[in-house]
Amino acid sequence: MRKEDKRLIIENSEIYMHYRERLINLALAQFEWHGLPDTCDRLYFEKMLLFRGKASIYQPEGADFWLSTDFIQREDGTGSPLNVYGYPKNIRGIGYGEHNLIDVEPGQFEILFDNMTMVTLMPKIDLYAKLLWEVHNTYRSNLQQQITPYIVLTEKTSELSIRNFFNNIFGFRPVISMKSSWDPEAIKTLDTRVNFIGKELLENLKIVWGEALAILGITSETTKKERMLDNELSLNRMENDICLNSRLLNRMEFCNKMNAKYGFELSVNLSSDIEQQKRLEMEEVKTVEDLSETSRDERRTGNEVQRDKEEPES
């Protein structure tokens with residue numbers, strides 16, 4: 001493999017991983033847990049929920065402490081391993097590493113799914129990371145094509161002279177010297193000029209990034225130019241809130257079950273930054289609604305004044 005091809009593969013991989021890891025880090029930082037046992041790792045717990053779509057807090061067999069890892073259903077040969085709702089009657093914990101199965105004290109566990117569909121969000125995160133990579137690379141390609149708008153045709157004997165000539169141009173040399181025998185009229189070029197659409201591509205990148213955040217229930221920042229009005233804005237916020245709540249509600253129900261069944265004082269909430277963002281969004285929605293109401297009142301008043309002018313005096 002040529003060195004240039006290898007470098008290109010590495011660059012493409014780094015760009016894809018850049019967007020993938022940004023989305024993963026945001027997903028892992030969305031929720032704050034309170035009251036977890038000291039033997040439970042919050043980050044590992046959230047990683048299992050994100051990457052596997054499920055996790056459990058359980059008491060290992062013969063132990064007096066609790067762990068928070070992934071799990072598999074446990075079959076004991078006494079009938080269906082699932083209850084009437086399709087949840088496992090008994091489980092085994094899965095620790096870090098291969099074949100690290102942990103026997104669980106019967107009935108001493110509670111399972112949690114990351115979202116209402118009970119599946120991992122990673123395929124969607126990978127999908128949007130790829131889309132972001134494609135738009136990013138398209139922007140880079142379009143930008144690079146502005147640097148070389150022409151292909152120069154030359155003989156093999158003149159190749160070095162032509163290469164040095166253009167290197168001096170791009171090197172901002174104030175004076176460029178050439179051989180007296182060099183004939184500039186002999187240069188032939190092919191026009192490869194491509195329109196620069198960088199602004200449109202960056203807008204598209206922002207749209208795709210907003211869609212990627214939406215699957216996590218996060219609303220991306222909007223500029224005044226992009227700001228929507230009335231029902232469009234409210235519906236956009238509502239959709240993101242529902243996506244977020246589908247993950248938060250599962251966690252809150254899990255806390256309530258653990259507290260009622262085992263006497264825990266477990267709670268979960270959105271991270272402080274996301275809660276602040278939600279408050280700002282609600283204020284923005286209210287401001288837009290107030291402005292719209294004011295605008296409607298002004299139009300209504302204007303129409304009434306116009307009718308008064310048009311009515312003939314009796």
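This is a predicted model: local features need pLDDT of at least 70, side-chain atom pairs count only at pLDDT 80 or more; totals for chains, interfaces and linings use all residues.
The chain has 314 residues, and 32% of them count as buried. Its secondary structure comes to seven helices and eight strands. Among contacts with a sequence separation of 6 or more, 67% are between residues 24 or more positions apart.

**The α3/α5 pair**

- Helix α3 covers residues 122-144 and helix α5 covers residues 198-214; their axes sit 10 Å apart at an angle of about 170°.
- Anything over 145 degrees counts as roughly antiparallel, so that is the label for α3 and α5.
- On the α3 side, the contact uses Tyr 128, Leu 131, Leu 132, Val 135, His 136, Thr 138, Tyr 139 and Asn 142.
- From α5 come Gly 198, Leu 201, Leu 202, Asn 204, Leu 205, Val 208, Trp 209, Glu 211 and Ala 212.
- Sorted by class, this contact has 11 nonpolar, five polar and one charged residues.

**Asn 142, a residue of that contact**

- Asn 142 belongs to helix α3, and with 5% relative accessibility it counts as buried because the cut-off is under 20%.
- Its side chain has a polar atom 3.0 Å from the backbone oxygen of Asn 195.
- The Asn 142 side chain also reaches the backbone nitrogen of Ile 197, at 2.9 Å.
- Leaving out residues up to four places away in sequence, Asn 142 touches Val 194, Asn 195, Phe 196, Ile 197, Gly 198 and Leu 201.
- Two of these, Gly 198 and Leu 201, are also on the α5 side of the helix contact.

**The four-stranded barrel**

- Strands β2, β3, β4 and β5 close into a barrel in the order β2-β3-β4-β5, with antiparallel pairing.
- On average, neighbouring strands here are turned by 65° against each other, if you ignore direction.
- Helix α2 (residues 42-52) packs on this sheet and touches β2 (54-60), β3, β4 and β5 (101-113).
- The direction of α2 makes about 135° with that of β2.
- Zooming in on one pair, β3 (residues 67-73) and β4 (residues 91-94) are joined in the antiparallel sense over four bridges.
- To spot the pairing on screen, look for Phe 71, whose bridge partner in β4 is Gly 93.

**Helix α2 and its ends**

- The buried residues of α2 are Phe 45, Glu 46, Met 48, Leu 49 and Leu 50.
- At the start of α2, Asp 41 puts a side-chain oxygen within 3.1 Å of the backbone nitrogen of Leu 43.
- Just past the other end, Gly 53 takes a positive phi of about 85°.

**Arg 74, between β3 and β4**

- Arg 74 lies in the loop that runs between β3 and β4.
- Buried or partly exposed? At 22% relative accessibility, Arg 74 counts as partly exposed.
- Arg 74 and Arg 92 are 18 residues apart along the chain, with 5.8 Å between their C-alpha atoms.
- Setting aside neighbours within four places in sequence, the contacts of Arg 74 are Pro 81, Asn 90, Ile 91, Arg 92, Asp 103 and Val 104.

Notes: Residues are numbered from 1 along each chain as its sequence is written. Side-chain values use heavy atoms; hydrogens and water are left out. Axes are lines fitted to C-alpha atoms, for helices over the stretch in contact, and angles run from 0 to 180 degrees between N-to-C directions. Helices (H or I, at least four residues) and strands (E, at least two) are DSSP runs, numbered from the N terminus. Angles under 35 degrees count as roughly parallel, over 145 as roughly antiparallel, 65 to 115 as roughly perpendicular and the rest as oblique. Contact means heavy atoms within 4.5 Å. Ala, Val, Leu, Ile, Met, Phe, Trp, Tyr, Cys and Pro count as nonpolar, Asp, Glu, Lys and Arg as charged, and the others, Gly among them, as polar. Two strands pair if DSSP finds at least two bridges between them. Buried means under 20% relative accessible area, exposed over 50%, partly exposed in between (1.4 Å probe, protein chains only). A polar contact is a pair of N or O atoms within 3.5 Å; within protein, one must be able to donate a hydrogen and the other to accept it, and residues adjacent in sequence count only if both atoms are side-chain atoms.
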